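Let's take a walk through the charged side chains of this model. Have your viewer ready and follow along.

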Amino acid sequence: MTTSKVYSTFHVEDFYFGIPTSQGVEVSNGFEVTPAPLGPIEVAGFINLRGQIVTAIDMHARLGMPPQAPKPGGIALFFKEKDSLFALLVDEANEILELDETSFEQPPSNLPERARDLISGVYKLPNQLLLILETQKIVSGISLMQR
């Protein structure tokens, strides 16, 4: 019997990522990010989501790319990790994919180390690789280095 997992997918630069939808993913745009000027470089600020304050993570900075200022009309993927809500600021939200776990592979060794630490594995799709991120590692590994 084969099992499958469902992922919400998105782009950051030319990379195609997925996170498990089991963590309560919601996609939103048109939000306002309140900056956190003395916070870690990966934290873009905070978003008020229906009265709940959510930490907004700049995925460019989190993946070791140059940080991006939040854009008006930007895209955020919201998810829960250990009873806290977080938002990933991404370039583009894509489809939800259900994929067979038997095609899940280890991450390629040629990925930058900072990104490789966040990736649990990959799926080879017809035209690209889908890199699966571990949300727990995204939030737990945020550097204390400040802006």
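What follows is a short tour of salt bridges and a charged patch.

This is a predicted model, in which local features need pLDDT of at least 70, side-chain atom pairs count only at pLDDT 80 or more, and totals for chains, interfaces and linings use all residues. Residues are numbered from 1 along each chain as its sequence is written, and side-chain values use heavy atoms, with hydrogens and water left out.

Searching the whole structure turns up four salt bridges (a side-chain nitrogen of Lys or Arg within 4 Å of a carboxyl oxygen of Asp or Glu). One of them joins Glu101 and Lys5, with 3.4 Å from N to O. This pair ties together distant parts of the chain, 96 residues apart: Glu101 lies in the loop between E9 and strand E10, and Lys5 in strand E1. Strands here are DSSP runs of at least two E residues, numbered from the N terminus.

Another bridge pairs Glu105 with Lys124 at 3.6 Å, linking strand E10 to strand E11 across 19 residues. Lys124 counts as exposed because its relative accessibility is 57%, whereas Glu105, at 33%, is partly exposed (buried is under 20% relative accessible area, exposed over 50%, partly exposed in between, with a 1.4 Å probe and protein chains only). Lys137 and Glu134 also form a salt bridge, their closest N and O atoms 3.8 Å apart.

Finally, Glu13, Asp14, Asp91 and Glu92 form a negative surface patch (residues with over 30% relative accessible area and no salt bridge, like charges being joined within 9 Å). Glu92 sits in strand E9 and is partly exposed, at 38%.

Methods. Patches are made of residues with over 30% relative accessible area and no salt bridge: like charges are joined within 9 Å, nonpolar side chains (Val, Leu, Ile, Met, Phe, Trp, Tyr) within 5 Å. Accessible areas come from the Shrake-Rupley method with a 1.4 Å probe; for residues, only the protein chains shown count as cover. Lys and Arg count as positive and Asp and Glu as negative; His and the chain ends are not counted. The place of a charge is taken as NZ of Lys, CZ of Arg, CG of Asp or CD of Glu. Helices (H or I, at least four residues) and strands (E, at least two) are DSSP runs, numbered from the N terminus.
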